[in-house]
Amino acid sequence: RSGKLREAEEAYLATVTSDPKVGEAYNNLAVVYMETGRYDQAEKAVKAAEKTGLKVQKALKDEIQKRKKAGS
């Protein structure tokens with residue numbers, strides 16, 4: 001939210017590296033990837049979040065798809 005996407009990405013990656021069961025970190029990574037135009041990575045992060053049992057908001061998934069289609 002503060003616009004420090006690189007720092008956020010590093011923090012979330014460190015979190016999932018140390019504990020791959022933290023679905024919220026994958027969810028937040030998906031947002032960072034989406035905001036930086038890396039839609040394939042965003043989709044993978046969503047899948048990883050869901051694999052942990054986290055229910056990812058449909059709005060996030062829809063927004064990733066919308067931006068991905070607009071960028072292609």
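The crossing of α2 and α3 is left-handed, a term used when the near helix is turned anticlockwise from the far one by less than a right angle. This is a predicted model, where local features need pLDDT of at least 70 and side-chain atom pairs count only at pLDDT 80 or more, while totals for chains, interfaces and linings use all residues. Residues are numbered from 1 along each chain as its sequence is written, and side-chain values use heavy atoms, without hydrogens and water.

Select helix α2, residues 23–35, together with α3. Helices here are DSSP runs (H or I, at least four residues), numbered from the N terminus. The two pack at about 165 degrees with axes 8 Å apart; axes are lines fitted to C-alpha atoms over the stretch in contact, and angles run from 0 to 180 degrees between N-to-C directions. α2 and α3 are therefore roughly antiparallel (angle over 145 degrees).

Now show the side chains at this contact (heavy atoms within 4.5 Å). On α2, pick Gly 23, Tyr 26, Asn 27, Leu 29, Ala 30, Tyr 33 and Met 34. The contact of α2 with α3 has 11 nonpolar, 3 polar and no charged residues; Ala, Val, Leu, Ile, Met, Phe, Trp, Tyr, Cys and Pro count as nonpolar, Asp, Glu, Lys and Arg as charged, and the others as polar.

α3 passes α4 in a left-handed crossing.

Conventions
Parallel < 35°, antiparallel > 145°, perpendicular 65-115°, else oblique.
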